Amino acid sequence: MRLLSSSERGASCSCLTLAFLMLLLCCHITSTLSQKSESALTVVENTEGGEGAGSDDDGDEVTVDEVEEEGDLEVVQPTEEWQTLKPGQAVPAGSHVRLNLQTGQREVRLGEEQLKYWTQEHREEKESTSFTPDELKKAMKKIKEDLNPASRDTEQQDSVSSQFRPLEELKRDMAKLDLLVETDVQIMRRLLDQFNSSNSTVQQRLSILLELEYLVHQVDNAQTLCSMGGLKLILEGLNSTDFRLQESSALVLGSALSSNPVVQVKAVESGALQTLLTVLATSQAHSVKKKVLFAVASLLRHFPFAQHHFLSHGGLQVLSELFRADGRGALRTRIVTMLYDMISEKELISQAGLDPALDASHEERVHQYSKVSLQGELLEEGWCSLVPQLLESSDHDCREKALRAMLAMAPVCLEQYRSDRSLLGSLVSMRDQYQGMVQSEMILGEENGYFAEIVDLIDALKVKMTV
C-alpha cells in the first residue's frame with residue numbers, strides 16, 4: 001500500500017469539503033421547497049422561456065396561478081422590478097415569485113404577459129386609478145348610504161330645517177312686531193276709509209291718491225275700487241276747490257280707465273264725463289287741465305257710447321275753446337292727438353264692417369260707431385282751420401300730429417284747405433326743410449327715418465289739395 005503525499009492529501013480533503021457543502025445546499029433547497037409559504041401562495045412551475053429560472057443564477061422563479069384568500073392580507077402591486085415579499089403579504093395572480101438564494105428572501109415582479117403590455121401609458125393609468133384602503137372604505141360607506149334613501153332623506157330634511165325657522169315661530173315674532181300683511185283689496189279699503197275720515201288733511205289725501213294711482217294700473221284693482229265706492233270719492237276730488245286734489249284725482253281716474261271697459265262703463269254711468277268737461281271748462285290750472293285731458297282720452301278710447309255722449313254734451317266746443325286759450329301748445333298737441341285717435345278708430349271699424357265673416361257683436365259695434373257724427377261736428381266747430389295752426393310750431397312731434405289729423409279730416413275739410421292760400425306755401429317750405437334732414441338720415445343709414453315719414457305726410461296732403 002502506497003502512502004499519499006501531502007499534496008494529494010490536500011486535494012482529497014478539498015473534494016470532500018466541496019461534496020459536503022453541495023449536500024448541505026441540496027438539503028436546504030429541498031427543505032425550503034417542501035415547506036408551505038407563509039403567505040399561503042399556490043404556485044406552479046414556470047415553463048416559459050425568456051427571463052425565467054434558466055436566466056437567473058441567484059434564485060428559482062415561479063408563476064403565481066391562484067391566490068387563496070386567508071383573512072385580511074396586504075396585496076402587493078408588482079412592478080417590472082423585483083420586490084421583496086414580507087410575511088403576510090399576497091400577490092395578484094400572474095405574478096412571478098422567486099426565492100433569492102443569496103438572501104434567502106422571496107421576491108416578486110410582474111409576469112411575462114403583464115410585462116408584455118406594461119407600457120408607460122398603462123403604468124400611469126393604473127397609478128391614476130388606484131385607490132388606498134381608506135378610499136375604498138369611504139366608497140363602500142357611500143354606497144351603503146345611497147342604498148338607504150330613508151336615512152338620506154332624513155339628513156336632507158334636517159339640513160333644510162336647520163336653515164329656516166319654523167312657521168309658528170315666525171308668526172309669534174311677527175305678532176310681537178305688530179306686523180300685518182295686507183292684500184291689495186285690504187289696502188284699498190284702508191285707504192278709502194282714511195280718505196273719508198274728517199281728520200285727514202289735504203297732504204294725507206294727496207298721499208292716499210298717489211297710492212291708489214299705483215294700485216289701479218292693475219285691471220282687477222281698478223274694478224274692485226269702483227265696487228268699493230272709490231269712483232265716487234275720485235269724482236268728489238275732481239270737484240274739490242284745491243287744484244292739487246283735482247290733479248291727483250284726475251290722474252287716478254285716467255289710470256283706472258286705461259284699457260278697462262268695465263271701469264269705462266261705470267264711469268259714464270256715474271256722470272264722470274260731465275264732471276271732466278266741467279273741470280276743463282272752469283279750471284285755471286294748466287296742470288289740472290293736462291291730467292283731465294288724459295282722463296277724457298282714456299274714457300273715450302275704443303268706447304263709441306262715451307264718444308257719442310261726449311259730442312252730445314258739447315265736448316268738441318269745450319276742446320275748441322281750450323285749444324284757442326292754450327298759448328304754450330302742449331295742450332293743443334294732446335287735443336289734436338285725441339281727435340285723430342277718434343277719427344282713426346271709426347274709420348277702421350267702418351272698413352272692417354264690410355267683411356261678411358264678422359260676428360253679430362262686431363256688427364253692433366259698427367252700429368254704435370255710426371252714431372258718432374264726429375266729422376260733421378269737427379267742421380261745425382271750426383277744427384278745419386284750428387288744426388293747421390299747429391304747423392307753425394317748431395316742434396317736430398307737434399307738426400307730425402297736425403299733419404296726421406289734417407289727412408284724417410280731409411274728407412270734410414279739403415275745401416277749406418284749398419281756400420287757405422298760405423297753407424300750400426307753408427307745406428312747400430316745410431318739405432324743403434325736412435328734405436335736408438332726410439338726406440342726413442340717409443347718410444347715417446336710415447332710409448325710412450322719422451323725417452322721411454313727415455315728408456311722406458306732407459306729400460300726401462299736397463296731393464289731396466292739388467287734385
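Tutor: In this predicted model, a polar atom of the side chain of Ser-249 lies 2.7 Å from the backbone oxygen of Leu-245. Such a polar contact is a pair of N or O atoms within 3.5 Å; within protein, one must be able to donate a hydrogen and the other to accept it, and residues adjacent in sequence count only if both atoms are side-chain atoms. Residues are numbered from 1 along each chain as its sequence is written. As the model is predicted, local features need pLDDT of at least 70, side-chain atom pairs count only at pLDDT 80 or more, and totals for chains, interfaces and linings use all residues, while side-chain values use heavy atoms, leaving out hydrogens and water.

Student: Is Ser-249 buried or exposed?

Tutor: Buried means under 20% relative accessible area, exposed over 50%, and partly exposed in between (1.4 Å probe, protein chains only). Ser-249 has a relative accessible area of 1%, so this residue is buried. Ser-249 belongs to helix 11 (residues 243-257); helices are DSSP runs (H or I, at least four residues), numbered from the N terminus.

Student: Which residues does Ser-249 touch, not counting residues up to four places away in sequence?

Tutor: They are Leu-209, Ile-234, Gly-237 and Leu-238, where contact means heavy atoms within 4.5 Å.

Definitions and conventions
Helices (H or I, at least four residues) and strands (E, at least two) are DSSP runs, numbered from the N terminus.
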